[in-house]
Amino acid sequence: MTDRPSANAVMATEGEGTSARRRRPDGRIVASIAFGVAGLFAFNLVFGPLAVMLGLWALRRSSVGRRGRRFAALGVLLGLADLVVLAILVHAQARGGELLHVPA
């Protein structure tokens with residue numbers, strides 16, 4: 001009898017290793033991206049800051065990993081983009097509905 005593991009045992013341990021490395025994404029990251037994207041189209045005043053806060057909260061966690069950090073940063077950037085869109089819309093409203101003033 002040999003000390004080598006059977007082929008089935010090797011496949012079982014390889015399968016366990018790959019599933020152990022693949023973690024579920026942090027809910028804060030997913031929510032941050034979702035609020036960031038939704039805020040580009042509606043409710044920028046609410047969804048923008050929510051996306052920024054959730055993204056920063058996820059970035060502070062040390063267990064999110066490198067890929068999670070990138071997605072959390074994406075959520076923060078989308079939230080900031082929401083606030084930029086809001087500022088543009090408020091500015092346009094203050095100018096009487098004109099985004100760009102073209103002198104005649």
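One cut-off before we start: a residue counts as buried when its relative accessible area is under 20%, and as exposed when that figure is over 50%. Keep in mind too that this is a predicted model.

Stop 1: Select Ala51, which lies in helix α3. Is Ala51 buried or exposed? Its relative accessible area is 0%, so Ala51 is buried. Now show what surrounds it: leaving aside residues up to four places away in sequence, Ala51 touches Ser32, Phe35, Gly36, Gly75, Val76 and Gly79. For a distance to draw, take the C-alpha atoms of Ala51 and Ala38: they are 13 residues apart along the chain and separated by 9.6 Å.

**Stop 2: the whole fold.** Zoom out and switch to cartoon. The protein has four helices and zero strands, running α-α-α-α from the N terminus on. Colour by burial and you'll find that 22% of the 104 residues count as buried. Contacts with a separation of 6 or more are worth a look as well: 64% of them come from residues 24 or more positions apart.

**Stop 3: α3 against α4.** Two packed helices are described by the angle between their axes and the distance between the axes. Select residues 44–60 for α3 and 65–94 for α4; the two axes come within 8 Å and cross at roughly 155 degrees. That angle makes α3 roughly antiparallel to α4. The crossing itself is left-handed.

**Stop 4: the aromatic rings.** Which residues do ring pairs link into a cluster? Select Phe35, Phe43 and Phe47 and you have it. Searching the whole structure turns up two aromatic pairs. For Phe43 and Phe47, the ring centres are 5.8 Å apart and the planes stand at 80 degrees, so this pair is edge-to-face.

Stay on Phe43 for a moment. You'll find Phe43 in the loop between α2 and α3, and at 62% relative accessibility it counts as exposed. Check its backbone too. Most residues other than glycine have a negative phi. Phe43 is not a glycine, yet its phi is positive, about 55 degrees.

**Stop 5: a charge over a ring.** Next, select Arg28 and Trp57. What sits over the ring of Trp57? Look for the charged end of Arg28, 4.3 Å from the ring centre.

Finish at Pro25, in the loop between α1 (7–21) and α2. With 61% relative accessibility, Pro25 counts as exposed. Draw one more C-alpha to C-alpha distance, from Pro25 to Gly65: they are 40 residues apart in sequence and 9.8 Å apart in space.

Definitions and conventions
Residues are numbered from 1 along each chain as its sequence is written. This is a predicted model: local features need pLDDT of at least 70, side-chain atom pairs count only at pLDDT 80 or more; totals for chains, interfaces and linings use all residues. Side-chain values use heavy atoms; hydrogens and water are left out. Rings of Phe, Tyr and Trp (its six-membered ring) pair if their centres lie within 6.5 Å; planes under 30 degrees apart count as stacked, over 60 as edge-to-face and the rest as tilted. Buried means under 20% relative accessible area, exposed over 50%, partly exposed in between (1.4 Å probe, protein chains only). A charge sits over a ring if NZ of Lys or CZ of Arg is within 6 Å of the ring centre and within 35 degrees of the ring normal. Axes are lines fitted to C-alpha atoms, for helices over the stretch in contact, and angles run from 0 to 180 degrees between N-to-C directions. Helices (H or I, at least four residues) and strands (E, at least two) are DSSP runs, numbered from the N terminus. Angles under 35 degrees count as roughly parallel, over 145 as roughly antiparallel, 65 to 115 as roughly perpendicular and the rest as oblique. A crossing is left-handed if the near helix is turned anticlockwise from the far one by less than a right angle, and right-handed if clockwise. Contact means heavy atoms within 4.5 Å.
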